[in-house]
Amino acid sequence: MNMADPTHAMTNEPAPVLPQLGFGPVRHTRLRPVHNAFAYAGYFLLLPMRAMLDPTHPASRTALARNRRAALSFFDCDHGDGRGLEQGGALGWLDDLLHSEGIHDAGGEVWLQCYPRVLGYTFKPVSFWFCHRRADDEGGALRAIVVEVNNTFGERHCYLLDRPTYGATLQAAKVFHVSPFLKVEGSYRFRFMRTWRTGQQRSVARIDFHDGNGAVLQTSVS
C-alpha cells in the first residue's frame with residue numbers, strides 16, 4: 001500500500017486522510033568505541049488520529065483492528081499514559097500534553113507513525129506524532145512533533161519538538177535511559193524529511209545521539 005502525503009510539506013499531491021502502511025529500511029550505526037552497523041527491512045503504520053475518531057469519516061472505518069487482537073492492530077494503551085478510548089484514547093493524552101506545554105494551536109490532523117501490534121504482541125522503541133494546525137490556520141502547517149520513546153524496562157518518555165521544520169536539525173537533551181551501554185547525558189539530533197516521487201511519498205525519521213566527543217549513534221526509519 002502506498003503512503004499518502006499527510007503534510008503537503010514538500011509536494012502538491014492530494015493527501016487522502018486514511019490510515020497508511022509504510023515499508024522501508026531501519027538503520028542503526030554505532031560509531032564509537034567500535035564501529036558497527038546494520039539495516040533490516042521494516043514497516044510501520046501512519047495513522048490520522050483525529051479522522052479515525054470521527055464516526056462520519058472514512059478513516060474511522062478502516063480494516064485496521066483497534067484495541068482488539070488481530071494479525072495487525074493498534075491499541076491506544078500502547079501510547080502516552082495508557083488511557084483507553086473512554087478517556088479520549090492516545091489522542092486525548094497527546095492533546096493534554098500539548099496544552100500542558102502551552103501549545104493550543106495544534107488542532108488540525110495528528111499523524112501517528114508507529115509500529116503495530118502483531119498477533120497481539122508489541123515492540124515500540126519509538127513513535128512519532130506529527131501535530132498540525134487546523135486547515136484555516138497557515139494551511140494546516142506542521143506545529144509540533146512528539147517523539148515517544150520506550151525502553152526495555154517498560155518505561156516511556158516523550159521529547160517535544162516545538163515549531164519544527166522538515167529538513168532542519170532539531171535538538172533535545174537526553175534525559176531518559178534507553179541503552180545499558182550509554183549514559184543519560186549528551187543530546188539527540190532529530191531530522192525529518194518528506195518528498196513525493198514516482199507516485200509515492202518518501203519519508204525519513206532520523207535520530208542521532210551525540211555526547212561530549214561528538215556523534216555516537218546514528219539511526220533512521222525510512
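Are Phe 130 and Phe 192 buried or exposed? Phe 130 is buried, and Phe 192 is too (buried is under 20% relative accessible area, exposed over 50% and partly exposed in between, with a 1.4 Å probe and protein chains only). Bear in mind that this is a predicted model, where local features need pLDDT of at least 70, side-chain atom pairs count only at pLDDT 80 or more, and totals for chains, interfaces and linings use all residues. Residues are numbered from 1 along each chain as its sequence is written, and side-chain values use heavy atoms, with hydrogens and water left out.

**Aromatic rings**

- The structure has eleven aromatic pairs (rings of Phe, Tyr and Trp, the last by its six-membered ring, with centres within 6.5 Å; planes under 30 degrees apart are stacked, over 60 edge-to-face, the rest tilted).
- Phe 130 and Phe 192 make an edge-to-face pair, at 5.7 Å centre to centre with 90° between the planes.
- That pair links distant parts of the chain, 62 residues apart: Phe 130 sits in strand β7 (residues 126-132) and Phe 192 in strand β11 (residues 187-197). Helices (H or I, at least four residues) and strands (E, at least two) are DSSP runs, numbered from the N terminus.
- Tyr 188 and Phe 190 have ring centres 6.0 Å apart and planes at 50°, so this pair is tilted; both residues are buried.
- Phe 128, Phe 130, Tyr 166 and Phe 192 come together as one aromatic cluster.

**Arginines over rings**

- Arg 194 lies over the face of Phe 130, 4.5 Å from the ring centre (the rule is NZ of Lys or CZ of Arg within 6 Å of the ring centre and within 35 degrees of the ring normal).
- Arg 117 lies over the face of Phe 75, at 3.8 Å from the ring centre.

**Salt bridges**

- A search of the whole structure turns up 13 salt bridges (a side-chain nitrogen of Lys or Arg within 4 Å of a carboxyl oxygen of Asp or Glu).
- Arg 50 bridges to Asp 95, with the closest N and O atoms 2.8 Å apart. Arg 50 is in helix α1 (residues 49-53) and Asp 95 in helix α2 (residues 89-100), so the pair ties together parts 45 residues apart in sequence.
- Asp 76 and Arg 66 form a salt bridge too, at 2.9 Å between the closest N and O atoms, and both are buried.
- Asp 105 meets Arg 143 at 2.8 Å, N to O. Asp 105 is partly exposed at 23% relative accessibility, whereas Arg 143 is buried at 4%.
- Asp 105 and Arg 143 also belong to a salt-bridge network with Arg 133, Asp 137, Glu 138 and Asp 162.
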